[in-house]
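Here's a quick briefing to read alongside the model. Have the sequence and the 3D view open as you go.

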Amino acid sequence: MPLHPIVGHHETRRRLARGVRSKRLPQVLVLAGPWGVGKQRLALWLAQLVLCEAAGEQPCGSCRACRLVGGLAHPDLHWFVPIPRPKASESDKQVEEASQAIADAMEERRSRPLNAQSDGMASHGIASVRLLQRQAALTSVEGGRRIFIIGEADRLVSQESSQEAANALLKLLEEPPREACSC
Ligand SMILES: [Zn+2]
């Protein structure tokens, strides 16, 4: 399984689990903290818990949904990681490039569970935000909730169109589509 075991965050996990089971989990969560404490791993744990077919306090780890999340292959889990700026000049092509770059990053994470910090120049540019908007507008593949994780969200910076990207993302977070939650 590509995901390394989650470590710590016991109290946070208990609180998140209570939120999930009482159906009071906020649609948007910000996990803030120093680099390397496992924020994205915690977000993946939460994704697994939300999508798990057993209604326990922990993801069961063995149902189909758990196994798909564990393999970073669940069709309703969208994990956005910072990527290099697309080279294409046309907007649709940029989104295609972003989609491919994220797919490549996921492929790499499947083979190397403990991922290093993204390249210093990588970011969440307007192409990634457009891709996220498109995916958010679709319906769930498995019929349940959809999860969007924006890793290293502080990389939503620099580059000429960053303000546009930030505003578009903010709008999406303020008015998330139903049955979607993002971290
Ligand atoms: Zn499960």
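What follows is a short tour by topic, starting with the ground rules.

This is a predicted model, in which local features need pLDDT of at least 70, side-chain atom pairs count only at pLDDT 80 or more, and totals for chains, interfaces and linings use all residues. Residues are numbered from 1 along each chain as its sequence is written, and side-chain values use heavy atoms, with hydrogens and water left out.

**The overall picture**

- The protein chain has 6 helices and 3 strands (DSSP runs numbered from the N terminus: H or I of at least four residues for helices, E of at least two for strands).
- Read from the N terminus, the order of elements is α-α-α-β-α-α-β-α-β.
- Of the chain's 183 residues, 43% are buried (under 20% relative accessible area; exposed is over 50% and partly exposed lies in between, with a 1.4 Å probe and protein chains only).
- Take the contacts (heavy atoms within 4.5 Å) between residues at least 6 apart in sequence: 73% of them join residues at least 24 apart.
- The accessible surface is about 10,200 Å², and carbon and sulfur atoms account for 54% of that (Shrake-Rupley method with a 1.4 Å probe; for residues, only the protein chains shown count as cover).

- For reference, the ideal angle for four tetrahedral donors is 109.5 degrees.
- Cys63 and Cys66 are both buried, with Cys66 at 0% relative accessibility, and Cys52 also counts as buried at 9%.
- The disulfide count is 0, taking a disulfide as a pair of cysteine sulfur atoms within 2.5 Å.

- Gln48 sits in helix H2 (residues 39-51) and is buried, at 7% relative accessibility.

- S2 (residues 146-150) is mostly covered, with 5 of its 5 residues buried.
- S1 (residues 77-80) pairs with S2 in the parallel sense over 4 bridges (pairing takes at least two DSSP bridges).
- Leu77 has Ile147 as its bridge partner in S2.

- Most residues other than glycine have a negative phi.
- His9 goes against that with a positive phi of about 55°; this residue is in the segment before H1 and is partly exposed, at 27% relative accessibility.
- Leu72 also has a positive phi, near 50°, in the loop between helix H3 (64-70) and S1, and is buried at 8% relative accessibility.
- Thr12, in helix H1 (residues 10-21), is partly exposed at 34% relative accessibility.
- Thr12 and Leu42 are 30 residues apart in sequence and 9.1 Å apart in space, C-alpha to C-alpha.
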